[in-house]
Structure formats: structure tokens, C-alpha cells
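Subject: Handover of a structure and findings

Dear colleague,

Please find the structure below, handed over for your work. A summary of the findings comes after it.

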Amino acid sequence: MPDSLTRAIRWDTVVGALLLVLLLLSFSFVDGFGNALNLSFLIGNTLPIALIALPMTLLVVAGEIDLSVASTAGLSGAVMGKLWNEGMAIETIIPLCLVLGVVCGLVNGLLVTRLGLPSLAVTIGTLAGYRGIAQIVLGSDAVTDFPTQYLDFAAGRIGDSFLPQAFLPFLVLLAVAVVVLHATPFGRSLFAVGASQEAARFAGIRVRRAKLILFTATGFMASLTGVFWALHYASARYDNATGLELSVVAAVLLGGIDFDGGKGTLGGAIAGVFLLGALQNVMSLMNVSAQSQIVVTGVLLVVSVLGPRAARRLAVARAGRQAASTPTSSLRSPS
Amino acid sequence: MTHPSDAGPSPVLALKGISKSFGAVRALRDVSLELFPGEVHALAGENGAGKSTLIKTLAGVHRPDAGRVLLDGEPVVFHGPGDARDAGIAVIYQEPTLFPDLSIAENIFMGRRPKRALGRIDHKATNAATAALMRRLGVELDPERPARGLSIADQQIVEIAKALSFDARVLIMDEPTAALTGSEVARLFGVVRTLREQGAAVLFISHRLEEIFQICRRVTTLRDGAWIASEPLDGMTEDDLVRRMVGRDLDELYPKQDVEPGRIALSVRRLTREGVFTDVSFDVRQGEIVGLAGLVGAGRTEVARAVFGVDRWDAGEVEVDGRALTNGAPSTAMAAGLALVPEDRRAQGLVMDMSIERNIGLTGLRTTVRAGLVDRGAERSRSLDWAVKLRVKYARIADAVSTLSGGNQQKVVLAKWLATGPKVLIVDEPTRGIDVGTKAEVHRLLGELAADGVAVLMISSDLPEVLGMADRVLVMHEGRLTAEIPRSEATEERVMAAATGRAAA
């Protein structure tokens with residue numbers, strides 16, 4: 001059997017390769033791409049997507065989705081700004097915002113697991129709800145005067161390198177997420193939950209509990225991102241991070257996480273995140289209009305849903321040809 | 001002997017020497033059957049005897065490998081269900097599939113409604129034609145009423161009316177009464193008698209023997225895909241019919257070992273789930289194989305699901321090895337030493353897209369860990385060990401289980417659960433749809449497990465399997481345990497009697 005062949009066309013590997021090619025081409029041909037400042041911008045602007053993509057990947061693997069993440073991030077930023085204006089200490093505010101994120105995630109999780117509602121519908125609802133609360137809390141104010149050392153941390157680089165200071169904590173979180181998804185019993189059970197909830201239940205996996213944990217973790221990470229966003233851009237507004245959920249979902253799907261659940265790797269998802277981020281950066285450098293960038297993102301989202309399926313079909317077809325027993329369906333247009 | 005004594009008219013539909021195989025499974029062997037106009041003919045046989053295959057052959061779904069189908073004495077070949085329908089053969093299934101948002105009349109004339117000028121649909125004509133059909137059947141149903149909310153009995157009437165609108169002369173009714181109440185059955189039988197008087201031939205399938213005697217004139221019995229007899233029901237008793245259906249010798253297929261039972265390993269006390277099963281109590285001892293028999297729908301699977309915790313129970317208690325189980329918690333049941341090989345291996349037993357290794361590994365995620373992480377080496381060797389022990393035939397352990405044959409998939413499910421080292425093993429239809437060779441292997445395995453002191457509860461609709469393997473047989477009927485029969489006294493007649501609710505054994 002062609003082990004190397006089927007492995008070679010795994011979609012997450014494809015995305016990783018595409019990212020490498022894009023980086024090489026950009027270094028060679030795009031003016032202003034390779035300097036440390038631009039690279040730090042690229043990474044800093046991509047970090048919010050990457051942070052939320054970590055729990056989102058686990059959630060989609062388990063067959064669920066959370067579209068309220070950007071609103072949770074916006075709500076956290078708004079509450080942070082409001083409490084700062086009230087004179088509370090930033091060291092107290094940030095933990096409070098994270099608790100708020102946990103509550104937002106818990107609400108999503110309880111609605112999905114206790115009432116059995118589809119997460120797509122629930123989180124479209126809370127997407128609107130959380131953003132609405134954010135606007136009630138902060139109105140149209142923009143809070144910008146956060147303590148300098150926090151702003152510096154969120155916007156600064158490590159020395160003269162191209163790496164933002166926040167990149168190191170992100171790497172730690174990434175490592176935690178990789179281990180949780182791919183090496184712990186909990187993470188491994190998520191693949192079964194996503195592929196067949198019924199079979200997972202019959203194998204003694206606590207499906208509802210697992211999903212509740214994931215929604216809660218997603219809320220936590222979304223609020224952490226909201227705090228980071230407000231400090232990174234030195235601006236807490238109710239509409240912070242609006243639309244970020246689409247970038248996250250697009251990147252995660254682009255990275256080969258199957259929308260139907262049960263398949264994918266965190267490596268692929270993160271490659272998808274940075275592929276999207278790099279592409280946007282390059283397009284900006286090449287003066288592609290914002291509207292056109294949105295079109296490209298949309299096309300990528302469709303490709304991201306098609307690509308992994310085509311890759312799997314191809315793998316199946318090759319395995320079938322190698323087995324040379326029964327005629328197998330070759331690459332068919334997905335229905 | 002296939003001809004009734006009063007054979008005046010010629011058969012409207014006849015099967016001559018029909019055989020049909022699926023892979024190595026011979027579903028039908030040389031089966032013959034004649035249906036006469038104005039006759040209600042019963043088709044009897046156990047689950048798996050070949051009734052469904054025969055129906056599907058008549059309905060044009062399957063094409064026979066050998067033999068002929070004669071319509072009015074002329075050989076015909078059905079290339080699909082449409083051909084059979086055009087020939088006047090209609091099948092009424094247990095649970096009809098109507099379009100809920102369309103009216104009764106629209107359902108009946110779907111795709112061929114009377115048209116007026118300019119291709120506009122003629123609602124009046126459609127409704128009038130439907131009303132005429134209902135009158136013919138002697139049933140009151142408003143043609144304009146939407147199908148949504150109709151009882152299953154009414155839905156069947158709509159299907160029958162639809163069949164009549166196609167000028168069906170042969171109606172095949174596949175367990176139509178299984179989901180009906182007593183008065184609904186009476187009304188259905190009224191319709192069937194009306195059809196009979198109008199000259200239709202009806203092939204009637206039911207697990208309820210009393211219904212066969214009530215409505216049918218002749219019966220054809222199948223057993224293991226083979227034709228046993230076609231004969232008048234006059235003068236037969238229910239016991240005669242049961243003997244026809246089940247009478248056969250047990251052989252090497254059932255390598256039962258004698259084991260001295262030990263302590264009680266599984267204790268179920270007064271377990272009740274409202275509307276599903278009631279007051280079910282039984283014990284299974286170490287080393288015992290207890291069969292749980294009954295008709296499909298008697299509540300056997302539901303009891304197993306509740307014991308394992310996939311469903312909740314409303315009252316009662318369950319103990320495994322002296323430990324009370326938590327209601328609705330499969331993980332605690334597993335921790336206590338309970339394993340369930342479920343009825344539907346594709347949806348419940350396996351994650352089809354996942355590898356053999358990972359499927360077997362699923363039950364060991366909590367145990368094959370080192371420092372909180374899954375020990376992949378241990379996981380692989382655990383999976384390999386059990387796949388080899390159970391002689392699963394596969395190319396690579398990393399292949400998806402969907403690439404395996406049904407028998408090998410079932411072995412993976414067994415491997416997945418045996419790997420947990422269970423004290424109590426519940427198997428639900430462990431050999432359904434698998435070939436005879438694998439079946440014997442599964443039986444040998446169950447025997448060995450019992451010899452090692454595992455308590456086995458075996459749910460099966462395969463009566464010879466239950467009698468061949470079980471130390472005791474529990475029988476359920478309509479949600480209650482109706483009999484407990486020791487091995488020495490267990491006969492197919494006694495089990496069938498308790499399963500059909502004819503007699504308290």
C-alpha cells in the first residue's frame with residue numbers, strides 16, 4: 001500500500017507547503033515583506049485569529065462551532081475599557097474579563113448540550129447578543145489610556161527581532177492545545193465525538209461534558225483575545241474584532257479541519273491561520289484593495305472546504321488503484 | 001402439494017425455484033410460491049429466514065440468481081421497483097413514507113395528477129378520485145387532509161389506496177400490524193377482506209401467529225432461506241406452524257462448554273423505562289451465558305441500553321459485581337466491568353472512518369495512559385493483540401474499519417470490548433448479518449469467555465443461536481419478561497410461545 005503517497009497528499013501537509021511557498025515567494029519578490037517590522041506586523045495582526053483558532057479547532061473536530069467568539073472578544077474589551085474608566089486596577093480587570101469569557105462560553109455550551117440546540121444557531125444568536133451587551137456597556141466610547149507597560153507588551157517586539165513579545169505566550173498555548181488534542185485521552189475522544197457521536201457514547205465517552213468544556217475554553221480564549229486586541233491596538237471599543245469569527249473559521253477549515261467533525265490536526269489549522277494572515281499582509285503590501293482582499297478570503301474559504309475532500313478522494317482512489325481489486329470512484333465533483 | 005385442493009383459478013403471481021445469494025450468504029434457495037386472486041396468503045418464518053429477500057424479489061428490488069417469476073403464467077423480469085408496480089404488484093411496508101406536507105390525495109397521485117387545460121392541476125378530480133378509492137376500501141379519510149399527523153394505520157390505508165390507484169392486483173403487506181393497536185388491526189383486516197372480495201391477492205407477513213390464522217387461508221413457510229411448505233391453514237394449530245418455522249437440529253455451530261456458574265455478576269432489579277419496558281429483573285452469574293429472546297421490538301435492546309447507561313431508566317437498579325451503577329452513565333458502567341456490543345455496529349459499535357487501531361483504542365483511552373497522555377505504543381500493542389486474538393482479517397491496523405467486511409467489523413467491536421477485560425459482557429445480536437464461519441467463531445469466543453468466568457448476556461433473534469449457546473433463556477414480550485427457561489427445558493416452541501405472548505411458560 002502506498003503509505004508515503006497517501007500521506008503526501010494529506011491536506012494539512014498541503015497547507016503547510018503552500019505557506020512555505022508563499023513565504024519564499026514573498027521574501028523574494030514582494031517589496032517590504034522581509035523586513036522585521038513588517039513581519040512583526042504580520043504576526044501581531046494574525047495572533048488574535050491564531051489564539052481563537054486553538055480552541056475553535058478542538059470544537060470543530062468535535063463537530064461543533066462557535067461564531068460568537070469575536071463578540072465575546074469585543075465584550076471583554078468593552079468591559080475592560082469601562083472598568084478602567086471607573087478607575088479599577090488593570091490587574092483586577094483582566095481576570096474579571098477572563099471570567100466573563102468563561103461565562104459567555106458556558107452559556108453557549110449549556111444551550112447546546114442541555115437543550116440540544118445546534119451550535120451554529122445558538123452562537124449566531126449570542127454573536128448578536130454579546131456584541132449588543134458590549135455596546136450597552138461602553139456605548140461609542142473608545143478607551144485608549146491603558147497602562148504603558150501593558151500596551152508595550154501587547155504591541156512590542158522581542159528586542160530588534162521580528163517576533164512580537166506576545167508570540168512566546170502564544171507558543172506556550174499552542175503547545176498546550178497540541179498536546180490536549182493529539183495526546184490526551186480527552187482530545188483523542190473528540191475525534192470520535194465529531195465522527196460519530198452515537199458510537200462515542202457507546203464507547204463510554206462523556207459527549208456532553210466534553211462539548212461543555214470546549215465551549216467554555218473557547219469563551220476563555222476569546223476573552224483573552226479581546227484583552228490582547230484592546231492592548232495591541234491601544235483601543236477598547238464595543239466593535240473591536242468585529243467579523244473576526246469568519247477569519248478564524250476560514251483559517252481553521254483551510255487548515256483541513258473537516259466542518260463535519262472528526263478530522264484534522266492543529267498543525268494544519270495553525271498553518272491555515274498564518275497562510276491567511278500572510279496572504280492578507282502581502283495583498284496589503286501590493287496595494288490590493290480591502291474589498292478585493294475580502295473576495296480572496298471568501299474564495300479561500302470555499303477552497304478550504306473543497307480541498308481536503310478532494311485530497312481524501314484522491315487518497316482513496318490511489319489506495320484503490322494500488323489494491324487493484326475493485327474499481328473505485330475517482331475524483332468526482334463534490335455534491 | 002403446492003397446489004391447494006380447490007385450485008380453480010390460475011395463480012396471478014408465481015415464483016418457481018427462486019434462489020438469491022449475497023456474497024457467501026444464501027438468502028433464498030429454490031423457493032416456490034403461488035398467489036391466487038382473492039386469496040390472503042401468509043409468509044411465515046423466523047427473522048433471517050428469507051422473508052424480506054423474497055418480498056424484495058417480488059417488488060423488483062432484487063433480481064433472483066436463479067428461478068422464474070410468472071405473472072398470469074407468463075415469465076417476467078423486473079428491472080426495478082417501477083416494473084413490479086406497473087405489473088400490478090404493490091408493497092405496503094410497516095412504516096409508510098408519505099410526504100407530510102402534501103394532502104392525502106396529493107400523496108396518492110404524486111407525479112401523475114389529473115390535469116386541466118394549460119397543464120394546471122385539477123384538484124377537484126384528484127380529490128374525487130381519492131374519495132372513490134376510500135369508498136372502495138370502506139374507510140373514511142378526508143382526501144384534502146395533510147399526511148402530517150396521520151396515524152401509522154391511516155398512513156398504511158393511504159399506501160393501500162395508492163396501490164389500488166395503480167390497479168395493483170397483488171398486495172404484499174410486510175408486518176403491517178406491528179405498530180397498530182387492536183382496533184386499528186381490526187379496521188386493516190376489514191380493508192384486507194374487502195380487497196380479497198374484489199379479487200386481489202394479498203401476501204401477508206406477521207410475527208403474530210393469531211393474526212395469520214385470523215385472516216389467511218394458506219401459509220408458505222421459509223426457514224434459513226429454504227422453502228419448507230405451502231399448505232392450507234385449515235386444520236393446522238399454532239404449534240404446528242411454529243414447528244415448521246423453527247424445527248431443525250443444532251450442530252457444531254454452537255460449541256457450548258459446560259461451566260459451573262459462580263457469583264452473581266450482573267443483577268438487574270425491577271428495571272423500568274416508561275412505555276418501553278416494565279419491571280424487568282434478572283441475574284447473570286459468572287461463567288453463565290444467558291440468552292435474552294423475544295420478537296423485534298419486545299424491549300430487549302432497550303433493556304441492554306439502559307443497563308449500560310446509554311439510556312436512562314425511570315425505576316429499578318442495576319449492580320455489576322456488587323457495585324450499583326449510576327443511571328445514564330456508560331463510563332461508570334465500564335469502570336464497573338460492564339461491556340456492551342451494541343445492535344448496530346456501523347452506527348453504535350464503530351466509528352467507521354477511524355482506523356482499526358483507534359476504534360479498539362477508544363475503550364482504552366482512560367487506561368492506556370502514561371503521565372496523563374495516551375501511551376501510543378501501549379495503545380497499538382493492545383489493539384494489535386486483540387485484533388490478532390480475534391483473527392480479524394485486515395491489511396493494516398491503520399486502515400479505516402469501513403474497509404472491512406461485516407464479520408470482521410463485528411470482530412473489531414468485540415475486540416474493542418474484550419480489551420477492557422469485562423466482568424459482564426452484553427452482546428446484542430452478535431452474529432446478525434455475518435457469515436456462518438465467523439458466526440461459529442463468535443460462538444466459540446463467547447463460550448471461552450464464559451469458561452473464563454465472564455458473565456454473558458446474549459440478546460438474539462436467532463433462536464437456534466440462543467438455544468445452542470445459552471445456559472438459561474429469558475424471554476421478553478411487549479416490554480416484560482414473560483419466561484425464564486433453563487437450558488434443559490428450552491425448546492424453540494416454548495421460547496416462541498413466550499415471545500408471542502401465547503402462553504406463560
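The notes that follow cover the conventions, the interface, the salt bridges and the cysteines.

This is a predicted model, in which local features need pLDDT of at least 70 and side-chain atom pairs count only at pLDDT 80 or more, while totals for chains, interfaces and linings use all residues. Residues are numbered from 1 along each chain as its sequence is written, chains are lettered from A and ligands numbered from 1 in the order in which they are written, and side-chain values use heavy atoms, with hydrogens and water left out.

Interface of chains A and B

In chain B, 28 residues are in contact with 23 residues of chain A, contact meaning heavy atoms within 4.5 Å. The buried area between the two chains is about 2100 Å², and carbon and sulfur atoms give 60% of that area; buried area is the accessible area (1.4 Å probe) that two parts lose on being put together, summed over both.

The interface of chain B and chain A holds 2 salt bridges, a salt bridge being a side-chain nitrogen of Lys or Arg within 4 Å of a carboxyl oxygen of Asp or Glu. D353(B) and K263(A) form a salt bridge, with an N to O distance of 3.3 Å.

Salt bridges within the chains

Over all chains, the structure holds 29 salt bridges. In chain A, D239(A) pairs with R237(A) in a salt bridge, with the closest N and O atoms 3.0 Å apart. Each residue is partly exposed: D239(A) has a relative accessible area of 28%, and R237(A) has 28%. Here buried means under 20% relative accessible area, exposed over 50%, and partly exposed in between (1.4 Å probe, protein chains only).

In chain B, D399(B) forms a salt bridge with R396(B), the closest N and O atoms lying 3.1 Å apart. D399(B) is buried at 11%, whereas R396(B) is partly exposed at 30%. A network of salt bridges links E39(B), R217(B) and R218(B).

Cysteines and a buried threonine

A search of the whole structure finds 0 disulfides over all chains, a disulfide being a pair of cysteine sulfur atoms within 2.5 Å. For C104(A), the closest cysteine sulfur is that of C97(A), 10 Å away and therefore too far for a bond. C104(A) is buried at 5% relative accessibility, and C216(B) is buried at 10%.

T218(A) is buried as well, at 0% relative accessibility.

Yours sincerely
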